Amino acid sequence: MPNIKSVMKNDIKSKRQNLINKAAKSALKTDLKKFDAAVAAGDHDAAVSTYKVAVKAVDRAASKGLIHKNKAAHRKSAMAQKMNQLG
């Protein structure tokens with residue numbers, strides 16, 4: 001445990017931010033899984049609606065620095081390809 005007050009505050013801040021980031025990443029993964037499930041089921045309407053939510057979640061994660069912008073582009077491209085294959 002640190003002895004300096006500012007380091008203690010930074011430690012508390014980093015733990016809090018870590019929990020926020022973990023929750024945001026978990027929500028992102030959930031949105032991506034919902035999209036994959038809709039595509040696997042072959043439900044076009046559900047896939048379209050979950051696609052929009054998933055793309056927005058990926059963009060939000062990239063803007064917050066949770067994932068790299070190139071990884072976000074790769075994920076969005078892969079989702080678009082799945083949508084095109086679905087018809």
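Where is the place of Ser 26? In this predicted model, Ser 26 sits in helix α1. Its relative accessibility is 42%, so Ser 26 counts as partly exposed. The C-alpha atom of Ser 26 is separated by 12 Å from that of Val 58. Along the chain, these two residues are 32 residues apart.

Two packed helices are described by the angle between their axes and the distance between the axes. For α1 and α2, the axes come within 9 Å. They cross at roughly 155°. Angles over 145 degrees count as roughly antiparallel, and that makes α1 roughly antiparallel to α2. The crossing of α1 past α2 is left-handed. On the α1 side, the contact is made by Leu 28, Asp 31, Leu 32, Lys 34, Phe 35, Ala 38 and Val 39. On the α2 side, Ala 46, Ala 47, Thr 50, Tyr 51, Val 53, Ala 54, Ala 57, Val 58 and Ala 61 take part. By class, the residues of this contact of α1 with α2 comprise 13 nonpolar, 1 polar and 2 charged.

The ring centres of Phe 35 and Tyr 51 are 5.9 Å apart, and their planes stand at 50°, so the pair is tilted. Phe 35 lies in α1, which spans residues 5-41, and Tyr 51 lies in α2, which spans residues 44-64. The pair therefore ties together parts that are 16 residues apart in sequence. The two partners can also be described by accessibility. Phe 35 is buried, because its relative accessibility is 0%. Tyr 51 has a relative accessible area of 24% and is partly exposed.

A further helix contact involves α2 and α3, the latter covering residues 69-86. Their axes come within 9 Å and cross at roughly 175°. The two helices are therefore roughly antiparallel to each other. From α2, the contact residues are His 44, Ala 47, Val 48, Tyr 51, Ala 54, Val 55, Val 58, Asp 59 and Ala 62. They meet Lys 69, Ala 72, Arg 75, Lys 76, Met 79, Ala 80, Met 83 and Leu 86 of α3. This contact of α2 with α3 divides into 12 nonpolar, 1 polar and 4 charged residues. Tyr 51 of α2 takes part in the contact with α1 and in the contact with α3.

Note on methods. Residues are numbered from 1 along each chain as its sequence is written. This is a predicted model: local features need pLDDT of at least 70, side-chain atom pairs count only at pLDDT 80 or more; totals for chains, interfaces and linings use all residues. Side-chain values use heavy atoms; hydrogens and water are left out. Rings of Phe, Tyr and Trp (its six-membered ring) pair if their centres lie within 6.5 Å; planes under 30 degrees apart count as stacked, over 60 as edge-to-face and the rest as tilted. Helices (H or I, at least four residues) and strands (E, at least two) are DSSP runs, numbered from the N terminus. Buried means under 20% relative accessible area, exposed over 50%, partly exposed in between (1.4 Å probe, protein chains only). Axes are lines fitted to C-alpha atoms, for helices over the stretch in contact, and angles run from 0 to 180 degrees between N-to-C directions. Angles under 35 degrees count as roughly parallel, over 145 as roughly antiparallel, 65 to 115 as roughly perpendicular and the rest as oblique. A crossing is left-handed if the near helix is turned anticlockwise from the far one by less than a right angle, and right-handed if clockwise. Contact means heavy atoms within 4.5 Å. Ala, Val, Leu, Ile, Met, Phe, Trp, Tyr, Cys and Pro count as nonpolar, Asp, Glu, Lys and Arg as charged, and the others, Gly among them, as polar.
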